[in-house]
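Biologist: I am new to reading protein models. Could you take me through this one, feature by feature?

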Amino acid sequence: MIYCIFYCNLKDPTKWKVMKLHRSDGVLVAAKNRKEAQLFRFQHAVALGRKIQDGGVYDVQVKALSELYLPED
């Protein structure tokens, strides 16, 4: 199964997004469709999710891509 990072900014916990890119400055970029979502194996997604969450800016969850609705295009 393929997983992705589902995140929200701690300042606005009502707007959850799917991660497209984790920039070198720590900012996460949101995917607009399924093709843009960055996909991981479970262990890699959990490891990256912990690293991002330890930064104190984002709340992170690892979810199977099939659980999330993202437009195809």
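This is a predicted model: local features need pLDDT of at least 70, side-chain atom pairs count only at pLDDT 80 or more; totals for chains, interfaces and linings use all residues.

Biologist: Which other glycine has a positive phi, in the turn of a hairpin?

Modeller: Gly26. Its phi is about 95°. The hairpin is made by β2 and β3, with 5 residues between them.

Biologist: Now the helix itself. How far apart are the end C-alpha atoms of α1?

Modeller: They are 18 Å apart.

Biologist: How do I read the sides of a helix?

Modeller: Start with the general idea. An α-helix has 3.6 residues a turn, so residues three or four places apart point the same way. Now the case here. The buried residues of α1 are Ala45, Leu48, Gly49 and Ile52. They cover an arc of only 105° around the axis, which puts them on the same side of α1.

Biologist: Which residues are exposed on the other side of α1?

Modeller: Gln43, Arg50, Lys51 and Asp54 are exposed there.

Biologist: What covers the buried residues of α1?

Modeller: The cover includes β1, β2, β3 and β4.

Biologist: Then let us turn to strands. What is the general idea?

Modeller: In a regular strand the side chains alternate between the two faces of the sheet. Here, begin with β1, residues 3-9. Of its 7 residues, 6 are buried, so β1 is largely enclosed by the rest of the structure.

Biologist: Which strands pair with β1?

Modeller: One is β4, residues 58-64, which pairs with β1 in the antiparallel sense over 7 bridges. Another is β2, residues 17-22, also antiparallel to β1, over 2 bridges.

Biologist: Which residue of β4 stands opposite Cys4?

Modeller: Lys63 does. On the β2 side, Phe6 stands opposite Val18, and Tyr7 stands opposite Lys17.

Biologist: In what sense do β2 and β3 pair, parallel or antiparallel?

Modeller: Antiparallel, over 3 bridges. Leu21 stands opposite Val29 in β3.

Biologist: Cys4 came up just now. How many disulfides are there?

Modeller: The count is 0. Cys4 is in no disulfide, and the nearest cysteine sulfur, that of Cys8, is 14 Å away.

Biologist: Next, contacts. How can residues that are separated in sequence meet in space?

Modeller: Take Leu39. It sits in the loop between β3 (28-30) and α1 (42-54). Leu39 and Tyr3 are 36 residues apart in sequence, but their C-alpha atoms are 5.7 Å apart in space.

Biologist: Which residues does Leu39 touch, leaving out those up to four places away in sequence?

Modeller: Ile2, Tyr3, Cys4 and Leu65. Leu39 is itself partly exposed, with a relative accessible area of 43%.

Biologist: Last topic: charged pairs. How many salt bridges does a search of the whole structure find?

Modeller: It finds 3. In one, Asp25 pairs with Arg23, and the closest N and O atoms are 2.9 Å apart. Arg23 is partly exposed, at 38% relative accessibility.

Biologist: Which residue forms a salt bridge with Lys15?

Modeller: Asp12 does, with the closest N and O atoms 3.9 Å apart. Lys15 is exposed, with a relative accessible area of 51%. Asp12 is partly exposed, at 28%.

Biologist: And which residue forms a salt bridge with Glu36?

Modeller: Lys20, with the closest N and O atoms 3.9 Å apart. Glu36 lies in the loop between β3 and α1 and Lys20 lies in strand β2, so the pair ties together parts that are 16 residues apart in sequence. Glu36 is partly exposed, at 27%. Lys20 is partly exposed too, at 34%.

Conventions:
Residues are numbered from 1 along each chain as its sequence is written. Side-chain values use heavy atoms; hydrogens and water are left out. A disulfide is a pair of cysteine sulfur atoms within 2.5 Å. Helices (H or I, at least four residues) and strands (E, at least two) are DSSP runs, numbered from the N terminus. Buried means under 20% relative accessible area, exposed over 50%, partly exposed in between (1.4 Å probe, protein chains only). Contact means heavy atoms within 4.5 Å. Two strands pair if DSSP finds at least two bridges between them. A salt bridge is a side-chain nitrogen of Lys or Arg within 4 Å of a carboxyl oxygen of Asp or Glu. The expected span of a helix is 1.5 Å times one less than its number of residues. The arc is that of the directions from the helix axis to the C-beta atoms.
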